[in-house]
Amino acid sequence: MIRHGLFCRRFSLFKDVVVGTRDLLSSYSSGNFDGFEVVILGTSGAVPTPNRGVSSTAIRLEGEIWLVDAGEGTQLQIQKSFISASKISKIFVTHLHGDHIFGLPGLLCHMAASRSPSAPRVEIYGPSGLRAFLRSVFSLSSTSFELAFSVNELVLRESHYDYFKQWNTPHPQFASGPLASARPFLPHELHGTDISCSDGKSSHVWNVLETPQYRVSAGLLQHRVPCFGFVFEEKEQFGALNVKRCADLGIPTGPLLRELKQGRAVSLANGSVIAPNDVLGPSRPGRKVVLLGDTSNSDSILDIGKNCDLLVHECTLPRSLASEAFARGHSTAAMAGWFARMLNASNLVLSHFSPRFDALRDYQLLVQDASAAFGSKNVLVAQDFTHVPIPRKYSFPCLS
Ligand SMILES: [Zn+2]
Ligand SMILES: [Zn+2]
C-alpha cells in the first residue's frame with residue numbers, strides 16, 4: 001500500500017550535523033540554510049568545564065535568532081559561533097537555576113552593544129521571578145544599557161506546586177517577603193505580559209506566543225524549581241497558487257486570490273464558492289522542535305510535542321546514578337530515549353551533562369542506552385556548537 005504521510009518513518013537529521021565554531025561553519029552556514037536550525041551553544045549541567053559551556057541553545061530562523069537559556073559564558077559561546085547577537089529577538093528561559101540564567105545579564109549587555117538603540121524590543125519569556133532577577137542584578141550592579149526589552153512571565157497555579165513541592169523549594173510566586181516583592185522597572189524595560197496556562201484538560205500547557213509563521217508553547221516539567229520545556233512549531237505553509245486554474249474558474253486577481261493563498265474560501269459574484277484546495281498545490285507541513293529544561297518527568301509535553309523532528313533532552317547523569325538523577329529532578333540517557341519514543345520524535349539530541357561525564361569519557365554508552373529505549377539509532381550526543389539543520393518536510397509517498 002502506498003500511503004502519503006510525514007511520520008511513516010523516522011528520518012535522520014544527523015547526516016547533516018556539523019560541529020564547529022565560527023571559522024569552521026562560516027562557509028557552511030551561508031550556503032545551506034533552510035530556514036530552521038538548532039545550534040547547541042553549551043552542553044554542561046551545573047557548571048562549565050574546560051570542554052563544555054553551560055546551557056544555551058540557539059534556534060536560527062529566517063532573519064532572526066531565538067535563544068533558549070543563557071548559562072554563564074553564553075555571550076562568549078555566541079562570539080565563538082556564527083550566531084550574531086544582534087539578530088537575537090527572543091529569549092526563552094526554562095528555569096531559574098544558575099546554569100540556565102547566570103549568563104543572561106551579560107548577554108543582554110552584549111546584545112545592547114551590538115544593536116541600534118532603536119532596534120525592536122527583545123522579548124524574554126520565562127518563569128515568574130525572572131523580572132525580579134534581572135531588575136535586581138542590574139539595579140544592584142548599577143548597570144545601564146540601551147536595549148529595549150520586556151519580560152513575559154509564565155504564571156503558575158497553586159496546583160502546579162505539585163511539580164516541585166517534594167523539593168520544598170521557595171519560589172517567587174508562592175513565597176511571601178522579599179522574593180515576591182516587585183522591584184522598579186529598569187530604564188529600557190517595557191511592559192511584559194503575564195501568561196497563564198491554557199484552561200481545561202491541558203492545564204499544564206502555556207500558549208506562549210504565535211506569529212504568522214511560528215507557534216511556541218510550553219509545558220511544565222518535574223524539576224526542583226518550576227521548569228519548562230518549549231515546543232517550537234513552524235506552521236503549515238499553504239501550497240502554491242495555480243494561476244491558470246484560478247483564471248479558468250473566473251476568480252479575479254486581487255483580494256480574493258490573497259484570501260485563497262491564506263487558506264480561506266471565497267465566494268464569487270456568480271454565487272459559487274471556491275475552496276483553497278481547488279486552487280492551491282499541496283501544502284508544506286511545518287517543522288517542530290522540542291527543547292526541554294531540566295527534568296525527571298516531561299509528561300506535560302506529550303500532547304504538544306508529538307511527532308517532533310527533533311527532541312533536545314537533558315542527560316545529566318549516567319545510568320549507574322539513575323536513582324540520584326531522579327531524586328534531583330534530572331534524567332539519564334535511557335529516560336531521554338524513552339521520552340523520545342513516547343513523543344514519536346524523529347531524532348534525539350542528548351545534552352546537559354554532569355561535569356562527572358568528562359571523567360567517564362564514555363559518551364558512546366549514552367547513545368546505546370538512549371537508542372535502546374528510543375527504538376531508533378537517531379541519537380546524538382551534543383558537543384558545544386553542534387549544529388543541527390532541520391530540513392523542510394514535504395508530503396512524500398513511502399511504502400508501508
Ligand atoms: Zn541545569
Ligand atoms: Zn535545573
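Two strands count as paired if DSSP finds at least two bridges between them, and the helices (H or I, at least four residues) and strands (E, at least two) that I'll name are DSSP runs, numbered from the N terminus. With that in hand, let's look at strands S4 and S5: S4 covers residues 56–61, and five bridges join it to S5, with the two running antiparallel.

Before I go on, some housekeeping. This is a predicted model, in which local features need pLDDT of at least 70 and side-chain atom pairs count only at pLDDT 80 or more, while totals for chains, interfaces and linings use all residues. Residues are numbered from 1 along each chain as its sequence is written, and chains are lettered from A and ligands numbered from 1 in the order in which they are written.

So how confident is the predictor? pLDDT is its confidence in each residue, from 0 to 100. The protein chain averages 87, and 88% of the residues score at least 70. Two stretches stay under 50. One is residues 1–8, for which the model has 15 contacts beyond four places in sequence; by contact I mean two residues whose C-beta atoms, placed from the backbone, lie within 7 Å. The other is residues 395–400, with 13 such contacts. Where pLDDT is low, the predicted coordinates should not be read in detail.

Now the overall picture. The chain has 13 helices and 21 strands. Of its 400 residues, 42% are buried. Here a residue is buried if 20 or more other C-beta atoms lie within 10 Å of its own, exposed if 12 or fewer, and partly exposed in between, with C-beta atoms placed from the backbone. Among contacts with a separation of 6 or more, 71% are between residues 24 or more positions apart.

Back to the strands, and let's walk across. Strand S3, residues 36–42, is mostly covered, with seven of its seven residues buried. On one hand, S3 pairs with S20 (residues 386–389) in the antiparallel sense over four bridges, and Ile 40 has Thr 386 as its bridge partner there. S3 is also joined to S4 by six bridges, again antiparallel, with Val 39 partnered by Ala 58.

From S4 we come to S5 again. Arg 60 has Ile 65 as its bridge partner. The two strands form a hairpin with two residues between them, and Gly 63 in the turn has a positive phi of about 80 degrees. Four of the five residues of S5 (residues 64–68) are buried, so this strand is largely enclosed by the rest of the structure.

The chain gets from S5 to S6 through helix H2 (residues 74–80), in a right-handed β-α-β crossover. Right-handed means that, with the strands pointing away from the viewer, the path from the first strand over the helix to the second runs clockwise. Val 68 has Phe 92 as its bridge partner in S6, and Phe 92 also stands opposite Tyr 125 in S7.

S6 and S7 run parallel too, joined by three bridges. Five of the six residues of S7 are buried. S7 then pairs with S8 in the parallel sense over six bridges, and Gly 126 stands opposite Glu 153. S7, H5 and S8 make another right-handed β-α-β unit.

Which residues of H5 are buried? In this helix, residues 130–140, they are Leu 130, Arg 131, Phe 133, Leu 134 and Phe 138. They cover an arc of only 165 degrees around the axis (going by the directions from the helix axis to the C-beta atoms), which puts them on the same side of H5. They pack against H3, H4, S7 and S8. Just after the helix, Ser 142 takes a positive phi of about 50 degrees.

Last stop, the core. A nonpolar core is a set of buried Ala, Val, Leu, Ile, Met, Phe, Trp, Tyr and Cys residues joined through C-beta atoms within 7 Å. The largest one has 87 residues, and those with the most contacts inside it are Leu 310, Leu 348 and Leu 350. Helix H11 (residues 333–343) gives the most to this core, with six residues. In soluble globular proteins, nonpolar side chains tend to be buried together.

Leaving aside neighbours within four places in sequence, the contacts of Leu 310 include Leu 13, Val 38 and Ile 390. The buried residues of H11 pack against several elements, among them S16, S17 and H13. Just after H11, Asn 344 takes a positive phi of about 55 degrees.

How values were computed
pLDDT is the predictor's confidence in each residue, from 0 to 100.
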